[in-house]
Structures are given as C-alpha cells and as structure tokens.
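Open the model in your viewer and keep the selection tool at hand. The stops below go through it in order.

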Amino acid sequence: MSVQIINVEKAFGSHRVVRGVSVDIADGEFFVMLGPSGCGKTTTLRMVAGLELPTSGEIRIQGRNVTYEEPRHRDIAMAFQDYGLYPHLSVRGNIEFPLKVRREDPATRMRKVEEVAEKMGIHHLLDRKPGQISGGQRQRVSLARALVRNPKVFLMDEPLSNLDAKLRAVMRTEIKKLVTELGITTIYVTHDQVEAMSMADRIAVMKDGDMVQVASPLEMYERPRTRFVAEFIGSPAMNLLPARPGSGGRLTCEIPVLAELLPEAELALNPAALAGGAGFVGIRPEHLSIAETPEKGDFVALVDLVEPLGQTTNVHLRAGGETRIIAVVDRTRAQPGDTVGISVRSDSLRLVAA
Amino acid sequence: MAATLAEHRARQRRAAALYWALALLATAFFFFPVFWMFASAFKSDAVSSTYPPVFLFAPSLENFAHLFTEAGAGRALWNSFFIVTLSTLLAMIAGTMAAYALARFDLRGKNTLALEILSIRMLPPIVSVIPLFMIARWLGVFDTPWLLIAVYTLTGLPFVVWIMRVFIQDIPQSVEEAAMIDGCGRIEAFWRVTLPLLLPGLAATMVIVFMFAWNEFLLASLLTSSEAKTLPVIAANAIKPKAIAFGLACAAGVVMSVPVIVLVLMMQKYLVQGLTLGAVKG
C-alpha cells in the first residue's frame, strides 16, 4: 500500500470537518477525492501532506506512520490550486528549489531541471519570472517543480480550477498521461466530476467530511449507492423516483412499471438502500428510450421541453402526475405537449439509498 | 477637423501648464521650511538676524563648528546612531517574528493579543516617563544608551507588529506550504521564501520606525542627563532662556536630517513598492 488513511478525523474547534475517513491507496494508483466545497476533501489531502494535523487517526505512506511528521519528511510533492510558485525566483529557480534545499550538487540540479522542463514543454520559459507567464504555463512549472525530485506520492489540490475550460481539458490529459507513465501514486482533489471520471483509477465521493462511496469511475456511475452520489455524478443527473416497500414485500413507486421491472438482485446489491424505510429507483437519462406511440410495457409521459445539444438531445418529461424525469436520446421528433411512450430495460434500473 | 484638433491640443497644453504651476507652488510651500533650515544653518548669526532676510550670503561653518565643539553634538550624533540603529533592528526582528506568529498560526485569542500589543502605542509617552525614570534608577541604567534602546524598541514594536502582520498576510500561504513540502522546515521556508518577498514591507516599516526614534525628543530629554543625550536634545539646547540661536538650531536640524535623507534614498526602490503594496493585487 502506498498511502493508508486510517480512521482520520479533523475538527476545527467544535466543527468536525473530516469524520473518520479510511482508505487504502495502492502503489501507482490515481485516486481522486471528489465533492462539493466544504466536504473535507482538501483538508484530508492537507493531512496527507502534513500541512494539517489530524485530530485523531493515522496516516501511513509506504507503510511508515507519518501522522505527525513534518511535510518535508514524507517524500511527497504537491501542486496547489494557486500554483504556489515562488514569485521572486525565476522558473529555473522554482524548479531547482527542492533540489537546492536537499543540497544536490549544481551539475545534477542543472541536468534534472533541463530534463523536466523539456518534458513539460517549458524549456523556453526557464529564465522568466512566474509573474511573466500565463496561468497554464504556471501550472506546468508547478508540476515540473513537483516532478523534478521523483516523489513517491503526488498530491494535487484542484490544480486545474484556475484555468479556462479548453486548457483544463488539455492539462487533464497531460497530467493523467504523465503520472501514469511515471507510475507515481497520485491523490487528486477536485469538485469537477468530469475531471474525476476521466482521470481516476478510483474515486472517493465525499460529503460532510465522510467518504460516501469509493469506487472506480464506471462503477460509481453505474451503481451509485446514495442519492448524493447519483445526483453528483453524471450530467444530467440520474432520474430518482421515491420508492418504498409496499404490501407483500414488493416496492411501490410513482411510476409502478419501474418498481415492477426492478430486478430482485438489486436489493441484495445495495441492502442499505431501504434502511431508512424509503429509497429511490434510479435510472440514467440515457437508458430511457422514447417512442412516439406508446407500446405494450411502456409508461406514458408528457413532453415538457426539448433541448437539442447537437450530439444528444435532452428531453424533459412529466410522468405519473408531477414526477419530472429527463431522457437523453440521439434525436427526437417529439414536441413539447406531446404524449410519448417511455421504455426501460430492467437491467438499467438501480436501487439507490436516500 | 484639423483646427479643432489643434484647439484641443492647445487646451490640453494650457491645462497641463496650470497643473504644473500648481504643483510647483505646492512643492515650494512645503520645501520652503527645509530650504530655510539649510540656508540658516550656513548663515553666521549676524547674517541670519538681518531684516529683510538675505538670500545671497557668504556661507559660514560657524554654527557647525559651535555645534560640534561646544554643544557636544559629536557625542550626541554617535549616541543617536547607536541607540536608534540598535532599537530599530531589535524592534524589526522581534516585531516581524511576532507578526508572523499572529498572521500564520492558530493562536487562541490572537486578535486580543494583537490589540494588547497595540495598546502600548495608545499610551501617551509622557504618562510612562515617571515609572520609566524610577525603574531606570532602580536598575542603574538611567542616562545610559540601554535605557533609550529599550524604550525605543518597545515603542517601535507595536507598529512593526501591526504593519508586518498585514504584509505577511498578503503573501499567499501556499507559497510557504510549497516550500515546506519541497523540503524546508518552517524557519527555512520563512528565510528562503517569505523573507525575500517581505523585503519591500520591511524596508518601508524600518524607515518609519527609524525616523520615529531618530526624531524622538520627549523621552530622550527626560531619560538622559548628559552621557546618553541624543541629537534632538542637543538641538533643543539651542533654545536658550533669553534668545533662540537660530543658526545653531538649524545646523543641528541639518545634521539630523542628512542620515534620514540618505536612508530614504537608499531604500527608495523598496519604499515605493512597500508603500503601494496591497493597494493593487498583482
């Protein structure tokens, strides 16, 4: 195990920011902590970095307990949201800094700086100051500074959130390629589900200081355990229809067909789903298909709004009275006000906890 | 159109000339006392008492000679240098460290603490003179440089703490954190990263603290008698019960202002940065 977070808690005064988080991160894994602001993801990362001390719990890196070690003794590197570059040093000075602090000899330093600058495509910027280069270039410098000393663990705190959308997409691919190539264990914090889905080997979705689900991106998308995860991942979000156990052990749902179609096995896969007495039947918008004339087994819905996005089309529907659902289809001729038939495959239905 | 453009240009030129004249006037107004001081310092007593005042005269060093031979300015100049330099340094070092702690660490009640530090500054100096005098006598440091060094360090400290705290808060924490992750301990991170970024703020603060102590008269006159007298005290001696020795006073003024002018010129590059820092975020 590369990084182990064991039952870590962090409280600021009486406010518990992180509530008993535990996770094992494997060697070379790209692990993403995803969640809205204030969910404790950055605090957890900072505890791994040693910039915050946990109130309780333990952090191990490469099997060594580093819970109360100084950051410099953890053999980690970190990229910050605002880059954290040293404004008074040149780009070369910035990249060289960790080597200089570790008293490596000048010739080795020079060689390593040149190498990593070449790799990051910032060789031509070496003599500039951070204030003289663009945001994307600054983030490259900060990555170069992190990579130059070959760390065992690479921590990234929303490194792309200050960049524009286009550059973010480019850097996303580059970072993923780079750390996979170098085989560095990476913990990456973001609130952007696209970043999480596209980069992660494994995602931890966090809410109110807890990891609510830890899974691979596809599993997270396919089988969200709770409403929070279901709504946080995927755009448009998963359709969730309140469901509760009725008489005879069968579920009841506002759209009865869905409750009937839900495979028995689903309950076994997410046994906690109905723990509170009620849960949701969930279905991803792209798993709904629209027929202009309802067929047998379909349920009926009223078209509210059609949003053509080019590649796909979002169709906003009302079914079973006032239940609003969204379907994502390629193209449709349906118009607002039309009544259409919606068909569902039973294996795309999920049971989700409230 | 060409005509109106020319008119516009002419109007602009007239406006510029007017502003220029006003600026010159304002400068003359503020500079005149300084000029008067420098001029009077080089006038002999006979010249300086004539009315109307003369602007062309044979400069004489009579006042300076008197100042350094009879008034003991040499000793006082050295005292001033020694006391003010040392107290400024002490206040800067201790004050910056305190400011760092207040800016960066989670201390319980740190705002109260900061206010407490500032409260020294709220006390009118005259109030503290008698207790200071008694303590000094008891400790046997009355009329020694050490007493004034302690007093100036203490009065400079709150100012340094409050100003430097703002400068430190302006430096993003992530810069220091990056340094700590890159292999520095906290002190090394401060030394290698924070301190270089603080230089403009340090320079601006230092000049102000230095000037304050350098010109301080009240405490210096009451807490010294002969050995530890500083320049302002000597300058004040020019005011005699029956007459004011203007030439002497002005000569003392010149001797006092030259080091400050030199210091400001030396620090000019940093001063401008320091005094405007925080006005516009980079």
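Predicted model: local features only at pLDDT ≥ 70, side-chain atom pairs only at ≥ 80, totals over all residues.

Residues are numbered from 1 along each chain as its sequence is written, and chains are lettered from A and ligands numbered from 1 in the order in which they are written.

Begin with the scores: ipTM is 0.84 and pTM is 0.82.

The chain B average is 88, and 96% of its residues score at least 70. Helices here are DSSP runs of H or I, at least four residues, and strands are runs of E, at least two, numbered from the N terminus. Now select residues 278-282 of chain B, where the pLDDT is below 50. Beyond near neighbours in sequence, this stretch has three contacts in the model; a contact means C-beta atoms, placed from the backbone, within 7 Å.

Next, select 3-222 of chain A as domain 1 and 229-353 as domain 2; these bounds come from an automatic or database domain assignment. Their centres, taken over C-alpha atoms, are 38 Å apart. Six residues of domain 1 and four residues of domain 2 form the contact between them. On the domain 1 side, β10 (210-215) and α7 (217-222) each supply at least two residues.

Finally, show both chains: 15 residues from chain B meet 19 residues from chain A. On the chain B side, α8 (173-181) and α9 (186-215) each supply at least two residues, and α8(B) gives the most, with six.

How values were computed
Contact = placed C-beta atoms within 7 Å. pLDDT = per-residue confidence, 0-100.
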